[in-house]
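Have the structure open as you read.

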Amino acid sequence: MNLTTLSSQFRRLSLVLMLAFTSCDSFLEEVPDDRVSLDDLDKAAQLLTNAYSDASFAFTDWMTDDFTYTVGTTLRPSHQQMYTWGDPTSDPTEQDTPGFFWYQTYTAISHANEVLQILDDLEIDDSEKARRDAIKSEALLTRAYGHFMLVNLFSEEFNFVNRGSGLGVPYIETPETEFLVEYERPTVKKVYDEIEDDMRLGLDLLDDTYFTNSGKYHFNRNAALAFAARFYLYKADFIRSLEYSDQLLGSNPEAFVRDLTSTEFKAAESSITGFPQLYASPDLSSNLMLMRKISLVQRTDFAYGIDRNDYGSLFATHPFDEATDERENPAFVKGQNALFPVRYESLFERNSINSNVGTPYHIAPVFRGEEVLLNRAEANLYGNNLDEALADLQVLTDRRYSGADVTLSLAGLRTFFGRDSDPDFSNQDILLNYLLLERRKEFLGQGMRWFDIKRYSISFDHLGPSGSVIGTLQSDDKRKVLQIPTSAIEVGGLEPNAR
């Protein structure tokens with residue numbers, strides 16, 4: 001297998017929003033006299049439910065080394081363009097595309113900005129100040145998270161070499177009041193600085209008590225800590241990533257990791273509806289925040305899947321004799337030659353009771369305890385705290401593999417990777433590669449692999465329908481940065497990403 005070395009990684013790492021032209025939100029389209037008047041905290045809190053982007057980023061999986069050309073499914077032109085790392089020419093209203101993600105996420109940000117604009121001016125009494133601060137916290141965190149996802153998809157990654165010097169995305173902090181507003185692209189570092197300011201203030205003001213019976217669908221404290229841990233990891237600030245990971249996981253990380261070897265999960269494997277319902281349940285402590293995503297990635301007749309042979313091979317790749325990776329099942333058959341792990345329940349919202357037209361969607365766990373655990377292990381790895389990193393990896397391993405002794409050791413991992421006597425491959429390198437393998441399996445089909453491909457300069461080929469190579473994504477390939485939508489370039493004058 002191709003391995004990543006920590007030393008090489010240290011060397012690589014050591015608008016016009018056009019909302020008026022694409023799926024505008026009705027709240028923003030209304031003339032001022034007909035707008036909902038945000039004149040109390042209840043209305044402000046209600047509007048914030050729209051500050052969470054309903055666009056999925058799981059389409060990025062089609063561009064990764066996990067997915068293959070799939071025969072017998074619906075393949076739109078945009079799918080084939082993304083599979084070969086082209087720039088989709090689809091309308092931005094087409095779900096599961098970069099354009100859809102761009103516009104839906106900026107629309108969500110606009111809702112947060114509407115709320116933030118009026119909060120400080122609302123006339124409230126002292127008894128309502130705590131709730132106002134909680135609403136402000138949620139607005140800041142949703143704005144920060146939306147921009148964080150945009151900059152990590154449409155800009156270069158922040159790393160040790162570039163220090164965020166590349167072109168970022170517009171950071172929007174005020175509501176749209178003009179028909180067309182021109183924006184510039186600040187640096188990635190500038191965008192990260194703005195995200196950090198919003199995120200930290202949001203954390204300071206956060207109060208979970210106001211999320212009655214629906215906390216997992218809001219930026220609760222655990223989700224905000226998970227966001228901070230991911231933010232600082234991607235910023236290569238491993239000390240702070242470790243700090244926020246520790247605040248969540250503490251000395252009992254097991255509480256935030258679902259046990260796929262348990263009787264409960266094993267019993268659910270036989271149900272293609274029961275398993276995803278359990279997997280995405282708000283009752284699981286490992287699910288920190290859930291979001292509704294308009295998407296078809298969960299459909300078995302849509303786009304791409306994982307080659308059947310590669311799927312089995314991936315889950316059989318581990319250092320334990322006779323062990324079973326419980327993440328392998330259940331899986332959907334996708335097309336004629338692929339599989340897809342059962343993680344999302346395919347849901348459909350009808351336009352009316354008797355209508356056959358509506359919106360396909362799924363519920364996605366966008367922050368999970370398992371991610372924070374792996375982020376903490378990675379931060380510890382870069383800090384040379386190898387025992388701590390190994391301990392966290394053991395917590396995950398114990399809850400993913402069954403049927404054999406699954407005790408991790410550096411010696412065992414060296415043998416597994418074929419590096420028993422390789423002085424050029426450090427113990428950090430060994431743990432890094434095991435961590436990347438585990439993260440790849442853990443989030444298969446959930447859109448997270450693309451970020452590791454960017455962060456770790458991973459290169460790979462894509463195969464066509466005949467099984468031959470039709471394209472290669474190089475380690476430093478500029479196509480790893482998604483192109484911003486054509487309308488934002490041509491009408492808005494935003495500088496496009498290099499190709």
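S53, T105, Y145, G146 and M291 are the closest to its centre, out of 16 lining residues. Two or more lining residues come from each of α5 (98-119), α6 (129-154) and β1 (287-294).

This is a predicted model, where local features need pLDDT of at least 70 and side-chain atom pairs count only at pLDDT 80 or more, while totals for chains, interfaces and linings use all residues. Residues are numbered from 1 along each chain as its sequence is written, and side-chain values use heavy atoms, with hydrogens and water left out.

A cavity here is a set of points, on a 1 Å grid over the protein atoms alone, where a 1.4 Å probe fits but cannot get out, and lining residues have an atom within 4 Å of a point. Points are joined across faces, edges and corners, and the volume is the space filled by probe spheres set on them. Helices (H or I, at least four residues) and strands (E, at least two) are DSSP runs, numbered from the N terminus.

The largest cavity has a volume of about 130 Å³. Of its 15 lining residues, F57, Y344, P365, V366 and Q446 sit closest to the centre. Strand β7 (residues 358-368) gives the most to this lining, with five residues.

Now for the helix pair. The axes of α6 and helix α7 (residues 188-205) come within 8 Å and cross at roughly 155 degrees. Axes are lines fitted to C-alpha atoms over the stretch in contact, with angles from 0 to 180 degrees between N-to-C directions. Angles over 145 degrees count as roughly antiparallel, so α6 and α7 are roughly antiparallel to each other.

What about the backbone? Most residues other than glycine have a negative phi, and most peptide bonds are trans. A303, in the loop between β1 and β2 (306-307), has a positive phi near 60 degrees. The peptide bond from N329 to P330 is cis, with omega near 0 degrees, and P330 lies in the loop between β3 (324-325) and β4 (331-334).

Note on methods: On a 1 Å grid over the protein atoms alone, a cavity is a set of points where a 1.4 Å probe fits but cannot get out, and a pocket is an open set with protein on both sides within 12 Å along at least five of seven lines; lining residues have an atom within 4 Å of a point. Angles under 35 degrees count as roughly parallel, over 145 as roughly antiparallel, 65 to 115 as roughly perpendicular and the rest as oblique.
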